[in-house]
Amino acid sequence: LLSLRQKWALLALSACSSLCCLCCLLGLLVAIGLTLGNQGRVLLAPCSIANIALTSVSSQCPFDPTRVYVSPPWGGD
């Protein structure tokens, strides 16, 4: 079936993949922890409008949690 060299290569590739997965999971947990730690205030911090209710109208706010981004079917790619 598999030679010894292929088995070691598969083990090394699997170990690297697992390490990358753990790093991504750690980064995700840190991001979630930071977001929950500051109650999400930093997400809307770059917005120049002081009133949070008006952030969906502003084009200067890079992140709008209330907007659904859907392109129309006739809009093309």
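Colleague: Which residue with a positive phi follows α1?
Modeller: Glutamine 39 follows α1, with a phi near 55°. This is a predicted model, in which local features need pLDDT of at least 70 and side-chain atom pairs pLDDT 80 or more, while totals for chains, interfaces and linings use all residues. Residues are numbered from 1 along each chain as its sequence is written, and side-chain values use heavy atoms, without hydrogens and water.

Colleague: What makes the end-to-end distance of α1 agree with a helix?
Modeller: A helix here is a DSSP run of H or I with at least four residues, numbered from the N terminus, and its expected span is 1.5 Å times one less than its number of residues. The 34 residues of α1 (residues 4-37) should therefore span 50 Å, and the end C-alpha atoms, 49 Å apart, agree with that.

Colleague: Why is leucine 36 called exposed?
Modeller: Buried means under 20% relative accessible area, exposed over 50% and partly exposed in between (1.4 Å probe, protein chains only). Leucine 36, which lies in α1, has 65% relative accessibility and therefore counts as exposed, while 9% of the 77 residues of the protein count as buried.

How values were computed:
Helices (H or I, at least four residues) and strands (E, at least two) are DSSP runs, numbered from the N terminus.
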